[in-house]
Amino acid sequence: MRRTGSCGTALLAGLALLVAAPAWAEVEFYQSVDRNEVGTEDTLRLTVVVVDAPPSAQVQLPNPRDFDVLSTSRSSQRSIQLSGGGPAVIQDVTKHLLILRAKKAGRLTIPPATLITAGKTQRTEPVEVTVKPGRLGPPPGQAARPSLPDPFRNFPSADPFEEMDEAGDEPVIPRGDSDLFLRASLDRDEVFLGEQATLSLYIYSRVDLSSVDAVTMPKLEGFWSEDVESPTQLSGEQKVVNGVPYRAYLLRRRALFPVKAGTLTITPAEADITTGFLFAGHRVHRVSNGLKVKVKPLPPGGPAGMASANVGSWQLTMDVSPTRVELGQPITVKVILEGTGNVKNVSPPKLTAPSALKVYDPTTTDKLTPNKNKIQGRRMQEYLVMPQRTGTFTLPALEFPYFDPRRREYDVSRTDPITVTVEAGAGGVSSLGPTAAPLQDAASEQKNVLTAGGLRPLRYQARFVAPSTPLWRQAFFLPVVLAPVGLLFGAMLLGQVRGRLFAQTEAGRTRQQAKAARKRLAAAEKLVGEGSTSAFYAEVEKALMGFLEARLRIPVVGLTREALGEKMTAAGVAPARRSRVLFVLEACDMGRFGGGAELSERNRVLDEAEAVMEGWEK
(Lines give C-alpha, C1' and ligand atoms only; values in the text may rest on other atoms or scores of the structure.)
Protein backbone atom coordinates (compact mmCIF):
# COMPACT_ATOMS: atom_id res chain seq x y z
CA MET A 1 0.00 0.00 0.00
CA ARG A 2 1.50 3.39 -1.07
CA ARG A 3 1.29 6.45 1.19
CA THR A 4 1.52 10.06 0.16
CA GLY A 5 3.20 12.10 2.80
CA SER A 6 2.49 15.71 3.83
CA CYS A 7 5.73 16.89 2.18
CA GLY A 8 4.45 15.91 -1.25
CA THR A 9 1.20 17.74 -0.70
CA ALA A 10 3.00 20.90 0.35
CA LEU A 11 5.32 20.68 -2.66
CA LEU A 12 2.39 20.40 -5.07
CA ALA A 13 0.60 23.35 -3.45
CA GLY A 14 3.74 25.45 -3.72
CA LEU A 15 4.17 24.63 -7.39
CA ALA A 16 0.52 25.59 -8.02
CA LEU A 17 1.02 28.96 -6.33
CA LEU A 18 4.13 29.63 -8.38
CA VAL A 19 2.30 28.78 -11.57
CA ALA A 20 -0.71 30.97 -10.73
CA ALA A 21 1.25 33.89 -9.26
CA PRO A 22 1.19 37.03 -11.41
CA ALA A 23 4.58 37.81 -12.77
CA TRP A 24 5.02 41.60 -12.68
CA ALA A 25 6.40 41.84 -16.13
CA GLU A 26 6.63 45.07 -18.07
CA VAL A 27 3.61 47.30 -17.42
CA GLU A 28 1.32 47.94 -20.38
CA PHE A 29 0.16 51.57 -20.42
CA TYR A 30 -1.73 53.37 -23.22
CA GLN A 31 -4.66 55.69 -23.95
CA SER A 32 -7.25 55.80 -26.78
CA VAL A 33 -10.37 57.68 -27.88
CA ASP A 34 -13.63 56.34 -29.25
CA ARG A 35 -13.28 58.47 -32.41
CA ASN A 36 -10.78 60.83 -34.01
CA GLU A 37 -13.33 63.28 -35.44
CA VAL A 38 -15.86 65.02 -33.23
CA GLY A 39 -18.04 68.16 -33.11
CA THR A 40 -17.87 70.99 -30.59
CA GLU A 41 -21.30 69.96 -29.29
CA ASP A 42 -20.42 66.24 -29.04
CA THR A 43 -18.67 64.36 -26.26
CA LEU A 44 -15.47 62.34 -26.60
CA ARG A 45 -14.53 59.26 -24.55
CA LEU A 46 -10.87 58.97 -23.58
CA THR A 47 -9.83 55.63 -22.04
CA VAL A 48 -6.52 55.28 -20.15
CA VAL A 49 -5.59 51.60 -19.65
CA VAL A 50 -3.00 50.19 -17.21
CA VAL A 51 -2.18 46.47 -17.31
CA ASP A 52 -0.23 44.67 -14.55
CA ALA A 53 0.74 47.79 -12.63
CA PRO A 54 2.20 47.26 -9.15
CA PRO A 55 0.06 48.38 -6.17
CA SER A 56 2.29 51.41 -5.56
CA ALA A 57 1.85 52.77 -9.09
CA GLN A 58 0.30 56.22 -9.51
CA VAL A 59 -1.60 57.28 -12.62
CA GLN A 60 -1.76 60.95 -13.58
CA LEU A 61 -4.58 61.50 -16.04
CA PRO A 62 -4.13 64.06 -18.83
CA ASN A 63 -5.50 67.57 -18.28
CA PRO A 64 -6.12 68.88 -21.82
CA ARG A 65 -6.30 72.67 -22.13
CA ASP A 66 -8.59 72.55 -25.17
CA PHE A 67 -11.17 70.21 -23.61
CA ASP A 68 -13.62 70.33 -20.71
CA VAL A 69 -13.56 67.22 -18.51
CA LEU A 70 -17.24 66.47 -17.83
CA SER A 71 -16.74 63.33 -15.73
CA THR A 72 -14.20 60.65 -14.78
CA SER A 73 -14.67 57.04 -13.69
CA ARG A 74 -12.46 54.07 -12.90
CA SER A 75 -12.91 50.31 -13.19
CA SER A 76 -10.66 47.32 -12.40
CA GLN A 77 -10.76 43.67 -13.35
CA ARG A 78 -8.54 40.56 -13.10
CA SER A 79 -8.40 37.92 -15.82
CA ILE A 80 -6.80 34.45 -15.68
CA GLN A 81 -5.81 32.71 -18.93
CA LEU A 82 -5.01 28.99 -18.98
CA SER A 83 -3.12 27.53 -21.95
CA GLY A 84 -2.71 23.80 -22.53
CA GLY A 85 -0.19 22.56 -20.00
CA GLY A 86 1.46 25.96 -19.65
CA PRO A 87 1.46 28.29 -16.64
CA ALA A 88 -1.61 30.43 -15.88
CA VAL A 89 -1.37 34.07 -16.93
CA ILE A 90 -3.01 36.60 -14.59
CA GLN A 91 -3.63 40.16 -15.72
CA ASP A 92 -4.83 43.09 -13.61
CA VAL A 93 -6.44 45.70 -15.88
CA THR A 94 -7.40 49.16 -14.65
CA LYS A 95 -9.31 51.56 -16.92
CA HIS A 96 -9.85 55.28 -16.41
CA LEU A 97 -12.68 56.77 -18.50
CA LEU A 98 -12.83 60.53 -19.13
CA ILE A 99 -15.79 62.24 -20.84
CA LEU A 100 -14.47 65.28 -22.74
CA ARG A 101 -15.96 68.12 -24.77
CA ALA A 102 -13.88 70.35 -27.05
CA LYS A 103 -13.76 74.08 -26.31
CA LYS A 104 -13.06 75.07 -29.92
CA ALA A 105 -12.78 73.69 -33.43
CA GLY A 106 -9.51 72.68 -35.09
CA ARG A 107 -6.78 70.07 -34.82
CA LEU A 108 -6.48 69.54 -31.05
CA THR A 109 -4.10 67.38 -29.04
CA ILE A 110 -4.81 65.43 -25.86
CA PRO A 111 -1.56 65.30 -23.82
CA PRO A 112 -0.15 61.97 -22.64
CA ALA A 113 -1.06 60.30 -19.35
CA THR A 114 1.72 59.51 -16.86
CA LEU A 115 2.39 56.35 -14.84
CA ILE A 116 4.82 56.62 -11.91
CA THR A 117 6.25 53.43 -10.42
CA ALA A 118 9.24 52.84 -8.18
CA GLY A 119 12.01 54.86 -9.79
CA LYS A 120 10.40 54.87 -13.22
CA THR A 121 8.07 57.21 -15.15
CA GLN A 122 6.15 56.01 -18.17
CA ARG A 123 4.01 58.13 -20.53
CA THR A 124 1.45 57.29 -23.18
CA GLU A 125 1.40 58.71 -26.67
CA PRO A 126 -0.55 61.96 -27.17
CA VAL A 127 -3.81 61.71 -29.12
CA GLU A 128 -4.76 64.10 -31.92
CA VAL A 129 -8.44 64.79 -32.58
CA THR A 130 -10.09 66.75 -35.40
CA VAL A 131 -12.86 68.97 -34.01
CA LYS A 132 -15.50 70.49 -36.28
CA PRO A 133 -18.16 73.06 -35.38
CA GLY A 134 -21.61 71.83 -34.34
CA ARG A 135 -22.79 68.29 -33.68
CA LEU A 136 -21.63 65.24 -35.67
CA GLY A 137 -23.75 62.72 -33.77
CA PRO A 138 -22.66 59.49 -32.05
CA PRO A 139 -19.47 57.75 -33.18
CA PRO A 140 -19.79 55.07 -35.90
CA GLY A 141 -20.74 51.69 -34.54
CA GLN A 142 -21.60 52.96 -31.11
CA ALA A 143 -24.99 51.28 -31.20
CA ALA A 144 -23.32 47.90 -31.78
CA ARG A 145 -21.06 48.23 -28.74
CA PRO A 146 -22.49 47.44 -25.29
CA SER A 147 -23.24 50.73 -23.56
CA LEU A 148 -22.15 51.58 -20.04
CA PRO A 149 -24.61 50.40 -17.40
CA ASP A 150 -27.00 53.03 -16.11
CA PRO A 151 -26.39 53.40 -12.34
CA PHE A 152 -30.03 54.43 -11.91
CA ARG A 153 -31.61 51.68 -14.02
CA ASN A 154 -33.37 50.16 -10.96
CA PHE A 155 -35.28 53.34 -10.16
CA PRO A 156 -39.03 52.72 -10.71
CA SER A 157 -39.82 56.22 -11.96
CA ALA A 158 -40.36 56.80 -15.66
CA ASP A 159 -37.91 58.74 -17.74
CA PRO A 160 -39.24 62.31 -18.15
CA PHE A 161 -37.14 62.78 -21.28
CA GLU A 162 -38.36 59.70 -23.17
CA GLU A 163 -40.01 61.68 -25.95
CA MET A 164 -37.03 64.03 -26.24
CA ASP A 165 -34.53 61.17 -26.45
CA GLU A 166 -36.61 59.34 -29.08
CA ALA A 167 -36.44 62.46 -31.23
CA GLY A 168 -32.65 62.39 -30.93
CA ASP A 169 -32.54 65.68 -29.03
CA GLU A 170 -30.29 64.78 -26.12
CA PRO A 171 -29.74 67.68 -23.72
CA VAL A 172 -26.57 69.65 -24.34
CA ILE A 173 -24.54 70.43 -21.20
CA PRO A 174 -23.46 74.10 -21.14
CA ARG A 175 -19.73 74.44 -20.48
CA GLY A 176 -20.04 77.07 -17.75
CA ASP A 177 -23.08 75.54 -16.01
CA SER A 178 -22.31 71.82 -16.13
CA ASP A 179 -23.41 71.21 -12.52
CA LEU A 180 -26.74 73.03 -12.83
CA PHE A 181 -28.53 74.14 -15.98
CA LEU A 182 -32.02 74.80 -17.36
CA ARG A 183 -33.45 72.89 -20.33
CA ALA A 184 -36.61 73.54 -22.38
CA SER A 185 -37.96 70.93 -24.80
CA LEU A 186 -40.94 70.27 -27.05
CA ASP A 187 -42.61 66.94 -27.72
CA ARG A 188 -42.74 67.93 -31.40
CA ASP A 189 -41.22 70.73 -33.45
CA GLU A 190 -43.61 70.57 -36.45
CA VAL A 191 -47.38 70.92 -36.02
CA PHE A 192 -50.46 72.08 -37.90
CA LEU A 193 -52.12 75.39 -37.21
CA GLY A 194 -54.13 74.97 -33.99
CA GLU A 195 -52.52 71.59 -33.10
CA GLN A 196 -51.07 71.15 -29.61
CA ALA A 197 -47.33 71.07 -28.88
CA THR A 198 -46.25 70.47 -25.28
CA LEU A 199 -43.46 72.60 -23.78
CA SER A 200 -41.54 71.18 -20.77
CA LEU A 201 -39.04 73.10 -18.63
CA TYR A 202 -36.61 71.10 -16.47
CA ILE A 203 -33.69 71.77 -14.14
CA TYR A 204 -30.69 69.42 -14.53
CA SER A 205 -28.65 69.39 -11.33
CA ARG A 206 -25.69 67.58 -9.78
CA VAL A 207 -25.89 69.64 -6.57
CA ASP A 208 -28.47 69.84 -3.80
CA LEU A 209 -31.35 72.23 -4.52
CA SER A 210 -33.01 74.22 -1.74
CA SER A 211 -35.66 76.17 -3.64
CA VAL A 212 -36.64 77.74 -6.95
CA ASP A 213 -37.20 81.41 -6.15
CA ALA A 214 -38.53 82.70 -9.47
CA VAL A 215 -39.34 81.28 -12.90
CA THR A 216 -39.81 83.46 -15.97
CA MET A 217 -41.49 81.51 -18.74
CA PRO A 218 -40.68 82.24 -22.41
CA LYS A 219 -42.59 84.77 -24.44
CA LEU A 220 -45.14 82.76 -26.37
CA GLU A 221 -45.99 85.13 -29.20
CA GLY A 222 -48.18 83.42 -31.77
CA PHE A 223 -49.47 80.77 -29.31
CA TRP A 224 -52.51 80.19 -27.15
CA SER A 225 -51.18 78.43 -24.06
CA GLU A 226 -52.66 76.41 -21.20
CA ASP A 227 -51.02 75.02 -18.05
CA VAL A 228 -50.68 71.25 -18.02
CA GLU A 229 -48.53 70.72 -14.94
CA SER A 230 -47.01 73.17 -12.43
CA PRO A 231 -45.46 71.28 -9.48
CA THR A 232 -45.51 73.08 -6.14
CA GLN A 233 -42.63 70.99 -4.72
CA LEU A 234 -39.30 69.92 -6.18
CA SER A 235 -39.41 66.25 -7.10
CA GLY A 236 -36.41 64.98 -9.07
CA GLU A 237 -35.92 61.95 -11.28
CA GLN A 238 -32.59 60.43 -12.27
CA LYS A 239 -31.22 61.09 -15.76
CA VAL A 240 -27.83 60.21 -17.27
CA VAL A 241 -26.61 62.64 -19.93
CA ASN A 242 -23.47 61.73 -21.89
CA GLY A 243 -22.44 59.39 -19.10
CA VAL A 244 -22.93 62.05 -16.42
CA PRO A 245 -25.66 61.41 -13.79
CA TYR A 246 -28.06 64.28 -13.15
CA ARG A 247 -31.27 64.77 -11.22
CA ALA A 248 -34.02 66.37 -13.31
CA TYR A 249 -36.72 68.57 -11.77
CA LEU A 250 -39.85 69.56 -13.70
CA LEU A 251 -40.65 73.28 -13.32
CA ARG A 252 -43.48 73.82 -15.80
CA ARG A 253 -45.33 71.97 -18.55
CA ARG A 254 -47.57 73.98 -20.89
CA ALA A 255 -49.72 73.15 -23.90
CA LEU A 256 -49.11 75.45 -26.87
CA PHE A 257 -51.63 75.97 -29.66
CA PRO A 258 -50.21 78.04 -32.56
CA VAL A 259 -52.59 80.66 -33.91
CA LYS A 260 -50.60 81.54 -37.03
CA ALA A 261 -48.57 79.62 -39.60
CA GLY A 262 -44.83 79.91 -40.19
CA THR A 263 -41.73 79.36 -38.06
CA LEU A 264 -42.46 80.57 -34.52
CA THR A 265 -39.72 81.26 -31.96
CA ILE A 266 -39.93 80.43 -28.26
CA THR A 267 -37.56 82.63 -26.26
CA PRO A 268 -35.41 81.15 -23.44
CA ALA A 269 -36.87 80.74 -19.97
CA GLU A 270 -35.09 82.00 -16.84
CA ALA A 271 -35.00 80.85 -13.22
CA ASP A 272 -33.43 81.92 -9.93
CA ILE A 273 -32.38 78.81 -8.00
CA THR A 274 -30.97 78.43 -4.48
CA THR A 275 -28.56 75.53 -3.95
CA GLY A 276 -27.36 74.08 -0.65
CA PHE A 277 -28.93 74.61 2.75
CA LEU A 278 -28.75 77.18 5.56
CA PHE A 279 -25.36 78.90 5.65
CA ALA A 280 -24.20 76.97 2.57
CA GLY A 281 -27.04 78.35 0.42
CA HIS A 282 -26.05 79.95 -2.87
CA ARG A 283 -28.39 81.65 -5.35
CA VAL A 284 -27.72 81.26 -9.06
CA HIS A 285 -29.45 82.51 -12.20
CA ARG A 286 -29.88 80.16 -15.14
CA VAL A 287 -31.18 80.71 -18.68
CA SER A 288 -32.56 77.88 -20.81
CA ASN A 289 -32.22 77.23 -24.52
CA GLY A 290 -34.52 78.78 -27.12
CA LEU A 291 -36.79 76.73 -29.37
CA LYS A 292 -38.42 76.99 -32.79
CA VAL A 293 -41.64 75.45 -34.03
CA LYS A 294 -42.62 75.00 -37.66
CA VAL A 295 -46.37 75.60 -37.99
CA LYS A 296 -47.98 74.27 -41.16
CA PRO A 297 -51.22 75.82 -42.45
CA LEU A 298 -54.32 73.65 -42.59
CA PRO A 299 -54.57 71.73 -45.86
CA PRO A 300 -56.95 73.01 -48.55
CA GLY A 301 -60.45 71.65 -48.90
CA GLY A 302 -61.76 72.65 -45.48
CA PRO A 303 -65.30 73.92 -44.82
CA ALA A 304 -65.84 77.60 -45.54
CA GLY A 305 -65.63 79.84 -42.50
CA MET A 306 -64.17 77.18 -40.19
CA ALA A 307 -62.19 78.71 -37.33
CA SER A 308 -58.49 77.84 -37.06
CA ALA A 309 -59.04 76.74 -33.44
CA ASN A 310 -61.28 73.86 -34.58
CA VAL A 311 -58.38 71.41 -34.62
CA GLY A 312 -58.32 68.13 -32.72
CA SER A 313 -60.86 65.40 -32.13
CA TRP A 314 -64.35 66.65 -31.22
CA GLN A 315 -67.87 65.38 -30.58
CA LEU A 316 -70.94 67.69 -30.52
CA THR A 317 -74.10 66.85 -28.56
CA MET A 318 -77.31 68.71 -27.69
CA ASP A 319 -79.35 68.08 -24.55
CA VAL A 320 -82.93 69.49 -24.26
CA SER A 321 -84.85 69.31 -21.00
CA PRO A 322 -87.80 69.05 -20.89
CA THR A 323 -89.15 68.34 -24.35
CA ARG A 324 -92.81 68.80 -23.27
CA VAL A 325 -93.71 71.93 -21.30
CA GLU A 326 -96.64 74.18 -20.51
CA LEU A 327 -96.79 77.65 -21.95
CA GLY A 328 -94.87 80.05 -19.73
CA GLN A 329 -92.41 77.39 -18.51
CA PRO A 330 -88.73 77.54 -19.65
CA ILE A 331 -86.79 74.95 -21.63
CA THR A 332 -83.08 74.34 -20.96
CA VAL A 333 -80.92 73.52 -23.99
CA LYS A 334 -77.27 72.48 -23.50
CA VAL A 335 -74.91 72.49 -26.49
CA ILE A 336 -71.88 70.42 -25.45
CA LEU A 337 -68.57 70.16 -27.32
CA GLU A 338 -66.19 67.48 -25.99
CA GLY A 339 -62.82 66.32 -27.21
CA THR A 340 -59.08 66.92 -27.40
CA GLY A 341 -57.73 70.30 -28.46
CA ASN A 342 -57.91 73.98 -27.58
CA VAL A 343 -60.99 73.67 -25.38
CA LYS A 344 -61.09 77.29 -24.20
CA ASN A 345 -60.72 78.74 -27.69
CA VAL A 346 -63.27 76.72 -29.67
CA SER A 347 -66.80 77.99 -30.23
CA PRO A 348 -69.74 75.54 -30.42
CA PRO A 349 -72.33 76.36 -33.09
CA LYS A 350 -75.00 78.86 -32.11
CA LEU A 351 -78.42 77.50 -31.24
CA THR A 352 -81.22 78.46 -33.65
CA ALA A 353 -84.97 78.01 -33.04
CA PRO A 354 -88.34 78.88 -34.61
CA SER A 355 -89.76 82.33 -33.93
CA ALA A 356 -92.27 80.83 -31.48
CA LEU A 357 -89.35 80.02 -29.15
CA LYS A 358 -87.45 82.95 -27.65
CA VAL A 359 -83.75 82.08 -27.13
CA TYR A 360 -81.74 84.02 -24.51
CA ASP A 361 -77.98 84.49 -24.55
CA PRO A 362 -76.14 81.41 -23.23
CA THR A 363 -73.82 80.94 -20.29
CA THR A 364 -70.53 79.14 -21.05
CA THR A 365 -68.70 76.75 -18.73
CA ASP A 366 -65.41 74.92 -19.38
CA LYS A 367 -63.98 71.79 -17.81
CA LEU A 368 -60.37 70.76 -18.57
CA THR A 369 -59.06 67.24 -17.93
CA PRO A 370 -55.38 66.98 -18.97
CA ASN A 371 -54.47 63.42 -19.93
CA LYS A 372 -50.91 62.34 -20.81
CA ASN A 373 -49.84 65.92 -21.45
CA LYS A 374 -52.81 66.46 -23.79
CA ILE A 375 -55.46 69.11 -23.21
CA GLN A 376 -58.91 67.63 -23.40
CA GLY A 377 -62.21 68.57 -21.83
CA ARG A 378 -65.65 69.99 -22.43
CA ARG A 379 -67.11 73.39 -23.36
CA MET A 380 -70.82 73.72 -22.65
CA GLN A 381 -73.19 76.54 -23.62
CA GLU A 382 -76.48 76.52 -21.73
CA TYR A 383 -79.46 78.34 -23.30
CA LEU A 384 -82.76 79.36 -21.72
CA VAL A 385 -85.63 79.05 -24.20
CA MET A 386 -89.11 80.52 -23.48
CA PRO A 387 -92.07 79.32 -25.61
CA GLN A 388 -94.32 82.12 -26.88
CA ARG A 389 -97.27 79.99 -28.01
CA THR A 390 -98.49 76.44 -27.96
CA GLY A 391 -97.66 73.87 -30.61
CA THR A 392 -94.96 71.43 -31.73
CA PHE A 393 -91.63 72.91 -32.76
CA THR A 394 -88.30 71.50 -33.96
CA LEU A 395 -84.85 72.63 -32.87
CA PRO A 396 -82.71 72.13 -36.00
CA ALA A 397 -79.56 69.97 -36.04
CA LEU A 398 -76.19 71.61 -35.31
CA GLU A 399 -72.87 71.02 -37.08
CA PHE A 400 -69.29 71.54 -35.92
CA PRO A 401 -66.56 71.20 -38.62
CA TYR A 402 -63.00 70.48 -37.49
CA PHE A 403 -59.61 69.22 -38.69
CA ASP A 404 -58.18 66.01 -37.18
CA PRO A 405 -54.34 66.23 -37.30
CA ARG A 406 -53.90 62.54 -36.55
CA ARG A 407 -55.91 61.47 -39.60
CA ARG A 408 -54.90 64.60 -41.52
CA GLU A 409 -58.42 65.15 -42.76
CA TYR A 410 -61.50 67.27 -42.12
CA ASP A 411 -64.57 65.96 -40.35
CA VAL A 412 -67.95 67.25 -39.11
CA SER A 413 -69.70 66.36 -35.86
CA ARG A 414 -73.52 66.66 -36.06
CA THR A 415 -76.46 66.52 -33.67
CA ASP A 416 -79.96 65.26 -34.39
CA PRO A 417 -82.92 67.64 -34.57
CA ILE A 418 -85.05 67.64 -31.43
CA THR A 419 -88.82 68.22 -31.25
CA VAL A 420 -90.42 70.05 -28.31
CA THR A 421 -94.13 70.30 -27.50
CA VAL A 422 -95.67 73.35 -25.84
CA GLU A 423 -99.07 72.83 -24.23
CA ALA A 424 -101.60 75.33 -22.92
CA GLY A 425 -101.38 76.17 -19.26
CA ALA A 426 -104.03 75.87 -16.56
CA GLY A 427 -105.70 79.12 -17.70
CA GLY A 428 -106.05 77.94 -21.27
CA VAL A 429 -103.88 80.73 -22.69
CA SER A 430 -102.47 79.74 -26.09
CA SER A 431 -100.06 82.65 -26.61
CA LEU A 432 -98.13 85.27 -24.72
CA GLY A 433 -98.83 88.70 -26.26
CA PRO A 434 -97.41 92.06 -25.29
CA THR A 435 -98.72 93.39 -21.95
CA ALA A 436 -101.43 96.09 -22.20
CA ALA A 437 -101.19 97.57 -18.74
CA PRO A 438 -99.71 101.07 -18.95
CA LEU A 439 -96.72 101.90 -16.85
CA GLN A 440 -97.35 104.07 -13.83
CA ASP A 441 -95.95 107.52 -13.79
CA ALA A 442 -92.81 107.58 -11.64
CA ALA A 443 -93.53 111.00 -10.20
CA SER A 444 -97.09 110.03 -9.27
CA GLU A 445 -95.89 106.87 -7.59
CA GLN A 446 -93.33 108.82 -5.58
CA LYS A 447 -96.02 111.32 -4.58
CA ASN A 448 -98.31 108.56 -3.36
CA VAL A 449 -95.55 107.12 -1.26
CA LEU A 450 -94.73 110.46 0.34
CA THR A 451 -98.35 111.30 1.13
CA ALA A 452 -99.31 107.89 2.41
CA GLY A 453 -98.32 108.72 5.96
CA GLY A 454 -98.73 112.50 5.69
CA LEU A 455 -96.00 115.07 5.01
CA ARG A 456 -94.23 116.65 7.92
CA PRO A 457 -93.22 120.32 7.76
CA LEU A 458 -89.55 121.18 7.45
CA ARG A 459 -88.04 122.39 10.73
CA TYR A 460 -84.62 123.92 11.39
CA GLN A 461 -83.36 124.47 14.91
CA ALA A 462 -80.19 126.48 15.43
CA ARG A 463 -77.94 125.85 18.41
CA PHE A 464 -75.10 128.15 19.43
CA VAL A 465 -71.99 126.89 21.24
CA ALA A 466 -68.80 128.54 22.45
CA PRO A 467 -65.72 128.29 20.15
CA SER A 468 -63.40 125.39 21.03
CA THR A 469 -59.63 125.60 21.83
CA PRO A 470 -57.40 125.65 18.70
CA LEU A 471 -55.63 122.37 17.91
CA TRP A 472 -52.11 123.74 18.31
CA ARG A 473 -52.92 124.79 21.86
CA GLN A 474 -53.96 121.33 22.92
CA ALA A 475 -51.61 119.42 25.27
CA PHE A 476 -51.14 116.45 22.94
CA PHE A 477 -50.19 118.53 19.85
CA LEU A 478 -46.44 118.94 20.54
CA PRO A 479 -45.76 115.26 21.46
CA VAL A 480 -47.60 114.08 18.34
CA VAL A 481 -45.56 116.42 16.10
CA LEU A 482 -42.21 115.41 17.65
CA ALA A 483 -42.96 111.65 17.73
CA PRO A 484 -41.91 110.94 14.08
CA VAL A 485 -38.58 112.73 14.62
CA GLY A 486 -37.92 110.69 17.75
CA LEU A 487 -38.77 107.45 15.94
CA LEU A 488 -36.36 108.36 13.14
CA PHE A 489 -33.45 108.97 15.52
CA GLY A 490 -34.31 105.77 17.41
CA ALA A 491 -34.21 103.73 14.20
CA MET A 492 -30.83 105.25 13.26
CA LEU A 493 -29.42 104.43 16.71
CA LEU A 494 -30.74 100.87 16.53
CA GLY A 495 -29.14 100.40 13.10
CA GLN A 496 -25.73 101.51 14.41
CA VAL A 497 -25.98 99.15 17.38
CA ARG A 498 -26.95 96.23 15.17
CA GLY A 499 -24.11 97.01 12.76
CA ARG A 500 -21.56 96.92 15.58
CA LEU A 501 -22.98 93.71 16.98
CA PHE A 502 -22.88 92.14 13.52
CA ALA A 503 -19.26 93.20 12.99
CA GLN A 504 -18.32 91.76 16.37
CA THR A 505 -20.03 88.42 15.77
CA GLU A 506 -18.92 87.88 12.12
CA ALA A 507 -15.69 86.21 13.21
CA GLY A 508 -17.63 84.13 15.73
CA ARG A 509 -20.02 82.88 13.07
CA THR A 510 -17.08 81.94 10.86
CA ARG A 511 -15.59 79.89 13.68
CA GLN A 512 -18.94 78.20 14.31
CA GLN A 513 -19.24 77.25 10.64
CA ALA A 514 -15.73 75.80 10.59
CA LYS A 515 -16.43 73.90 13.81
CA ALA A 516 -19.66 72.49 12.35
CA ALA A 517 -17.74 71.36 9.25
CA ARG A 518 -15.20 69.49 11.40
CA LYS A 519 -18.04 67.78 13.30
CA ARG A 520 -19.54 66.66 10.00
CA LEU A 521 -16.16 65.26 8.92
CA ALA A 522 -16.00 63.36 12.21
CA ALA A 523 -19.44 61.93 11.42
CA ALA A 524 -18.15 60.87 7.99
CA GLU A 525 -15.30 59.00 9.69
CA LYS A 526 -17.86 56.71 11.33
CA LEU A 527 -19.13 55.71 7.88
CA VAL A 528 -15.73 54.50 6.62
CA GLY A 529 -16.25 50.88 7.56
CA GLU A 530 -20.04 50.66 7.33
CA GLY A 531 -20.16 49.95 3.59
CA SER A 532 -22.33 52.96 2.67
CA THR A 533 -20.08 54.38 -0.05
CA SER A 534 -22.37 57.12 -1.35
CA ALA A 535 -23.29 58.31 2.18
CA PHE A 536 -19.62 58.52 3.17
CA TYR A 537 -18.52 60.52 0.12
CA ALA A 538 -21.58 62.79 0.33
CA GLU A 539 -20.83 63.58 4.00
CA VAL A 540 -17.16 64.33 3.24
CA GLU A 541 -18.12 66.63 0.34
CA LYS A 542 -20.66 68.54 2.47
CA ALA A 543 -18.15 68.92 5.31
CA LEU A 544 -15.44 70.26 2.99
CA MET A 545 -17.84 72.66 1.20
CA GLY A 546 -19.05 74.00 4.56
CA PHE A 547 -15.46 74.52 5.70
CA LEU A 548 -14.55 76.37 2.49
CA GLU A 549 -17.67 78.52 2.88
CA ALA A 550 -16.51 79.51 6.39
CA ARG A 551 -12.87 80.20 5.47
CA LEU A 552 -13.36 81.89 2.11
CA ARG A 553 -16.49 83.72 3.37
CA ILE A 554 -18.22 83.33 0.03
CA PRO A 555 -20.86 80.86 -1.24
CA VAL A 556 -19.11 77.93 -2.94
CA VAL A 557 -21.93 75.40 -3.48
CA GLY A 558 -22.81 75.22 -7.16
CA LEU A 559 -19.43 76.49 -8.38
CA THR A 560 -17.57 74.46 -10.96
CA ARG A 561 -14.16 73.10 -10.04
CA GLU A 562 -12.40 75.73 -12.19
CA ALA A 563 -14.39 78.55 -10.59
CA LEU A 564 -13.67 77.19 -7.10
CA GLY A 565 -9.96 77.05 -7.90
CA GLU A 566 -10.04 80.68 -9.03
CA LYS A 567 -11.81 81.71 -5.82
CA MET A 568 -9.19 79.95 -3.68
CA THR A 569 -6.38 81.54 -5.71
CA ALA A 570 -7.91 84.98 -5.22
CA ALA A 571 -8.20 84.29 -1.48
CA GLY A 572 -4.47 83.45 -1.29
CA VAL A 573 -4.81 79.72 -0.59
CA ALA A 574 -1.55 77.85 -1.04
CA PRO A 575 -1.20 75.71 -4.21
CA ALA A 576 -0.74 72.50 -2.22
CA ARG A 577 -3.92 73.09 -0.26
CA ARG A 578 -5.81 73.97 -3.44
CA SER A 579 -4.68 70.72 -5.01
CA ARG A 580 -5.88 68.76 -1.98
CA VAL A 581 -9.27 70.45 -2.06
CA LEU A 582 -9.78 69.65 -5.74
CA PHE A 583 -8.53 66.10 -5.23
CA VAL A 584 -11.03 65.46 -2.41
CA LEU A 585 -13.96 66.88 -4.39
CA GLU A 586 -13.02 64.87 -7.49
CA ALA A 587 -12.67 61.72 -5.38
CA CYS A 588 -16.10 62.34 -3.84
CA ASP A 589 -17.67 62.61 -7.31
CA MET A 590 -15.98 59.39 -8.42
CA GLY A 591 -16.89 57.65 -5.16
CA ARG A 592 -20.55 58.59 -5.36
CA PHE A 593 -21.13 57.77 -9.02
CA GLY A 594 -18.26 55.65 -10.33
CA GLY A 595 -16.71 53.46 -7.61
CA GLY A 596 -14.41 54.16 -4.69
CA ALA A 597 -15.69 51.25 -2.59
CA GLU A 598 -12.18 50.21 -1.39
CA LEU A 599 -11.49 50.93 2.27
CA SER A 600 -8.03 52.29 1.48
CA GLU A 601 -9.46 54.87 -0.91
CA ARG A 602 -11.95 56.04 1.71
CA ASN A 603 -9.24 56.43 4.34
CA ARG A 604 -7.07 58.37 1.93
CA VAL A 605 -9.90 60.77 1.04
CA LEU A 606 -10.66 61.26 4.74
CA ASP A 607 -6.99 61.98 5.51
CA GLU A 608 -6.78 64.50 2.67
CA ALA A 609 -9.93 66.27 3.89
CA GLU A 610 -8.54 66.49 7.41
CA ALA A 611 -5.26 67.83 6.04
CA VAL A 612 -7.16 70.57 4.20
CA MET A 613 -8.84 71.74 7.42
CA GLU A 614 -5.74 71.55 9.61
CA GLY A 615 -3.46 74.58 9.81
CA TRP A 616 -5.70 76.91 7.81
CA GLU A 617 -4.91 80.52 8.64
CA LYS A 618 -7.73 82.27 10.43
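Predicted model: local features only at pLDDT ≥ 70, side-chain atom pairs only at ≥ 80, totals over all residues.
**View 1. Strands β14, β19 and β20 build an open sheet.** Let us begin with the sheet, where the 3 strands follow the order β14-β19-β20 and pair in the antiparallel sense. The edges belong to β14 (209–216) and β20 (282–287); each has a single partner strand, so one side of each has no neighbour in the sheet. From one strand to the next, the twist averages 20°. If you follow β14 and β19 (residues 270–275), you will find them joined in antiparallel fashion over 6 bridges.

**View 2. S321 and P322 are joined by a cis peptide bond.** Omega of this bond is about -10°. To find the spot, look for the loop between β22 (312–321) and β23 (324–326), where P322 lies. As background, most peptide bonds are trans.

**View 3. D52 has a positive phi although D52 is not a glycine.** The value is near 60°. D52 sits in the loop that runs between β3 (44–51) and β4 (58–60). Is D52 buried or exposed? D52 counts as buried because its relative accessibility is 12%, and the cut-off for buried is under 20%.

**View 4. R408 is another residue other than glycine with a positive phi.** Here phi is near 55°. With a relative accessible area of 54%, R408 is exposed, as the cut-off for exposed is over 50%. For context, most residues other than glycine have a negative phi.

Notes: Residues numbered from 1 in each chain as written. Heavy atoms only, no water. Pairing = 2+ DSSP bridges. Helix = DSSP H or I, 4+ residues; strand = E, 2+ residues; numbered from the N terminus. Axes fitted to C-alpha atoms, helices over the stretch in contact; angles between N-to-C directions. Buried < 20%, exposed > 50% of the residue type's maximum accessible area, 1.4 Å probe, protein only.
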